[in-house]
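Colleague: Could you take me through the ligand site in this one? I'd like to go over the surroundings and then pick out a residue.

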Amino acid sequence: MFPALMPTYARADLAFERGEGAWLIAEDHRRFLDFGAGIATSSLGHGHPGLTQAIAAQAQRVLHVSNLYRIPAAEHLAQRLIAETFAHSVFFCNSGAEANEGMVKMVRRTMAETGRPERTRLICFEGAFHGRTLAMLAATNNPKYLAGFGPKVDGFDHVPFGNMNAVRDAIGPHTAGILVEPIQGEGGIRAAPPGFLADLRRACDEWGLLLALDEVQCGMGRTGTLFAYQQSGITPDLLSAAKGIAGGFPMGAILATEAVAKHLGPGTHGTTFGGNPLACAAANAVLDVILAPGFLDQVRARGEQLRAGLEALVQAHPTVLRGVRGIGLMLGLECDVANTALQQACLEHGLLTVAAGQNVLRLVPPLIVTEADCREALDRLGQAAASLT
Ligand SMILES: *Cc1c(COP(=O)(O)O)cnc(C)c1O
């Protein structure tokens with residue numbers, strides 16, 4: 001029989017019934033340590049009392065009202081994000097692709113409204129991932145994802161990640177801005193080389209371009225700061241967030257400076273669901289945890305613990321593992337076997353991970369992961385690696 005769910009995913013034959021912290025429990029009662037976190041999304045793990053109670057309480061009051069009315073929880077959430085970042089204004093939506101797509105609209109709109117309507121193109125990077133809408137497929141430019149979905153949306157130019165000479169060569173009279181992930185996630189946990197974001201900022205300032213950061217995966221505390229750019233010494237003009245922002249409830253956000261946001265008056269952009277009371281209750285509950293004193297210190301400490309353990313595993317299993325990359329709790333294991341083989345071996349040892357580009361295995365656990373969880377994960381990873389030697 002044809003699958004009822006459209007067969008766009010090669011799914012593991014595994015279904016989960018419930019979760020507790022960093023653990024997921026399958027229907028057959030097997031327990032898995034969740035170091036994939038629904039692709040870096042279940043930021044507070046599973047069954048987090050603050051998050052589940054906030055969602056339940058809001059669901060009883062009101063789920064949805066549309067953006068035709070004030071939404072105090074959205075105003076509060078936006079104010080909190082503004083207080084922690086470069087941004088002066090926030091637009092809420094429902095996913096990463098939608099946030100990125102809105103960000104591109106805002107870049108173009110700003111150029112059009114400041115007398116440069118011919119500047120419509122964005123410089124993007126090889127190995128990037130920005131989502132699956134038609135425009136974000138073009139921004140991503142992965143031939144595998146584009147196949148059969150032509151014509152490709154125009155307006156995106158690609159250069160090698162980290163290559164400033166190529167960026168400067170690509171800037172032309174139609175360039176409006178630069179769209180970049182501070183750490184490429186799907187591309188293989190590739191951090192921008194030191195100084196690259198600052199060089200991009202300088203180039204944008206020199207040419208009057210806008211710098212738009214895709215922090216859909218690396219944002220919301222994942223790297224040990226609320227956003228990854230906060231470790232770079234620069235600020236962007238726009239930033240997209242999603243994945244972990246509401247702990248698994250679907251939400252996206254576009255953060256922007258006033259110089260950009262002032263061009264987005266009533267009617268210029270919109271969404272039915274974006275920033276509804278339920279989504280904002282979830283995101284405010286996530287921020288309550290992430291912004292609590294000491295929490296991001298814990299994320300950094302767990303990141304260092306994992307990194308040290310992974311380095312030791314690389315030493316111990318040199319025919320399986322080659323190296324470690326990433327920042328905070330956004331880590332990648334460079335594999336000498338197929339990353340999918342290691343992923344499968346980890347699954348068989350009760351550890352969930354996610355494959356990424358460049359034959360890297362991603363470890364992106366919930367941010368609430370404990371020291372004992374990390375020790376257990378390293379133990380299981382060691383057994384999985386040994387099973388492949
Ligand atoms: C996942 C991801 C997206 C797309 O997000 P969706 O919510 O799946 O649309 C965009 N950019 C980055 C960096 C991502 O990791």
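**The ligand site**

Modeller: Keep in mind that this is a predicted model. Helix α4, which spans residues 96-113, gives the largest share of the shell around the ligand, with 3 residues.

Colleague: Which residues are around the ligand?

Modeller: The residues around the ligand are Ser 95, Gly 96, Ala 97, Asn 100, Phe 129, His 130, Gly 131, Glu 181, Asp 214, Val 216, Gln 217 and Lys 243. Sorted by class, the shell has 6 polar, 3 nonpolar and 3 charged residues.

Colleague: And which backbone atoms lie by a nitrogen atom of the ligand?

Modeller: A backbone N or O atom of Phe 129 is 3.1 Å from a ligand nitrogen, while a polar backbone atom of Gly 96 lies 2.8 Å from an oxygen atom of the ligand. From a side chain, a polar atom of Asp 214 is 2.8 Å from a nitrogen atom of the ligand.

Colleague: How much of the ligand does the protein bury?

Modeller: The protein buries 81% of the 380 Å² that the ligand exposes when taken alone.

Colleague: Switching to Asn 100, where does it lie?

Modeller: Asn 100 lies in helix α4, and this residue is also among those around the ligand.

Colleague: Is Asn 100 buried or exposed?

Modeller: Asn 100 counts as buried, because its relative accessibility is 1%, and the cut-off for buried is under 20%.

Colleague: What does Asn 100 touch, then?

Modeller: Leaving aside residues up to four places away in sequence, Asn 100 touches His 130, Met 136, Asp 214, Val 216 and Ser 240. Of these, His 130, Asp 214 and Val 216 are also found around the ligand.

Key. Residues numbered from 1 in each chain as written. Predicted model: local features only at pLDDT ≥ 70, side-chain atom pairs only at ≥ 80, totals over all residues. Heavy atoms only, no water. Near = heavy atom within 4 Å. Polar contact = N/O pair within 3.5 Å; in protein donor to acceptor, adjacent residues only side chain to side chain. Areas by Shrake-Rupley, 256 points an atom, 1.4 Å probe, with all protein chains shown as cover. Helix = DSSP H or I, 4+ residues; strand = E, 2+ residues; numbered from the N terminus. Nonpolar A, V, L, I, M, F, W, Y, C, P; charged D, E, K, R; others polar. Buried < 20%, exposed > 50% of the residue type's maximum accessible area, 1.4 Å probe, protein only. Contact = heavy atoms within 4.5 Å.
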